[in-house]
Amino acid sequence: MSDYTLLRERMVRETIEARGVRDPRVLSAMREVPRHRFVREHLAGQAYGDHALPIGAGQTISQPYVVARMTELLEVDAAHKVLEVGTGSGYQTAILARLARWVYSLELIGELAHQAIHRLRQLGISNVKIQTFDGTVGWSEVAPFDRILVAAGAPSLPRPLLDQLGPRGRLVIPEGEAQRQRLVVYERLARGVRRREADEVAFVPLLGRHGWQRGAGGPGRG
Ligand code: SAH
C-alpha cells in the first residue's frame, strides 16, 4: 500500500467514520478517490488532514468530513443524474461520480473548471460534465435532476435549483451568513417540499444571480 493509501484509510476511520458517517458506499468512495491529486503538489502532504485547503482564485477544496457528510445526506444511487454547483477542485465531483450515473457540475471560475476537467480526465473519470457558468440558475438543458448538491454558502435556496429538482429529488445546500452556514436538505415529495436542517459548516460564498451579489452588501471573494 502506498503512503497515500494509508493516510486516506486513516482519514476515513478517524475523521469521517468517527464523526458518524456510516453509509458504506460513501465511505468506500472516500477511500478510493485520491484527494492529494486535487491540491497543488506542495500541499499534497496535507491532503489527508481534516481541513479545507487553498486551490487558487481565493477558493478552497472542502474539508473531507463535510464532503462525506453532504454526500451521505444526498443519498445518491447508481441510476441518478446529479447537479453540482461549485466544482472547485473537482474532488467532491469525483466522489459523486463514483456513486451516480451522471454528474453535471458548474463552476463560476474558468481556471478552476479547466483544472478540474483535466484532473478528472487524468483519473479516468468519464461520467462527468463540467461547464463554466453561474450555477445559481441551474442547468436547464439537462434538468430535471435526481440530486442537487451546492458546494458554496448561499443566502437562501436559489429558486431555479428547486425548479430543476425532479420528482422525489433531494437537494443539499449550505444556507446562512457569508462566513457560517447550516446544511439544509430539501426533499421533493408527492405534495410540496420538506426542509430539514443538519450540520453547521463554513463554505466560501455562493455568488451569482441568485446568490450573494458582489459589491451590493454581500461578501467579497475570499
Ligand atoms: N467542493 C469543492 C469546493 C468548492 S468551493 C471541492 O471540494 O473542491 C466553492 C466553489 O464554488 C468555488 O470554486 C467557487 O468559485 C464556486 N462558486 C461560487 N459561486 C458559484 C456559482 N454561482 N456558480 C458556480 N460556482 C460557484
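**Chatting about rings and helices**

Biologist: Hi! Let's start with Y104: buried or exposed?

Modeller: Y104 is buried, because its relative accessible area is 9%, and anything under 20% counts as buried. Keep in mind that we're looking at a predicted model.

Biologist: Okay, and which element does Y104 lie in?

Modeller: Y104 belongs to strand β4, which covers residues 102–107.

Biologist: How many aromatic pairs does the structure hold?

Modeller: There are four aromatic pairs. One of them is made by the rings of Y104 and W139, whose centres are 5.3 Å apart.

Biologist: Why is the Y104 and W139 pair called edge-to-face?

Modeller: Their planes stand at 80 degrees, and planes over 60 degrees apart count as edge-to-face, so that is the label the pair gets.

Biologist: And where is W139?

Modeller: W139 sits in the loop between β5 (128–132) and β6 (145–150). Since Y104 is in β4, the pair ties together parts that are 35 residues apart in sequence. W139 is also buried, because its relative accessibility is 8%.

Biologist: New topic: which rings have the charged end of an arginine sitting over them?

Modeller: Y65 has the charged end of R19 over its ring, 3.8 Å from the centre. Y91 has the charged end of R35 over its ring, and there the distance to the centre is 5.6 Å.

Biologist: Y91 is in α4, I think; which residues of α3 meet that helix?

Modeller: From α3 there are V67, M70, T71 and L74, and they meet Y91, Q92, I95, L96 and L99 in α4. By class, that contact has seven nonpolar, two polar and no charged residues.

Biologist: How do the axes of α3 and α4 cross?

Modeller: The axes of α3 (residues 64–74) and α4 (residues 91–99) come within 11 Å and cross at roughly 35 degrees. The crossing is right-handed.

Biologist: Let's zoom in on L74: buried or exposed?

Modeller: L74 counts as buried, because its relative accessibility is 0%. This residue lies in helix α3.

Biologist: What is L74 in contact with, leaving aside its neighbours within four places in sequence?

Modeller: Its contacts are V82, L96, R147, I148, L149, R170, L171 and V172.

Biologist: Last one: how far apart are L74 and R180?

Modeller: In sequence they are 106 residues apart, and in space they are 20 Å apart, C-alpha to C-alpha.

How values were computed
Residues numbered from 1 in each chain as written. Predicted model: local features only at pLDDT ≥ 70, side-chain atom pairs only at ≥ 80, totals over all residues. Heavy atoms only, no water. Axes fitted to C-alpha atoms, helices over the stretch in contact; angles between N-to-C directions. Helix = DSSP H or I, 4+ residues; strand = E, 2+ residues; numbered from the N terminus. Left-handed = near helix turned anticlockwise from the far one by under 90°. Contact = heavy atoms within 4.5 Å. Nonpolar A, V, L, I, M, F, W, Y, C, P; charged D, E, K, R; others polar. Phe/Tyr/Trp six-rings, centres within 6.5 Å; stacked < 30°, edge-to-face > 60°. Buried < 20%, exposed > 50% of the residue type's maximum accessible area, 1.4 Å probe, protein only. Lys NZ or Arg CZ within 6 Å of the ring centre and 35° of its normal.
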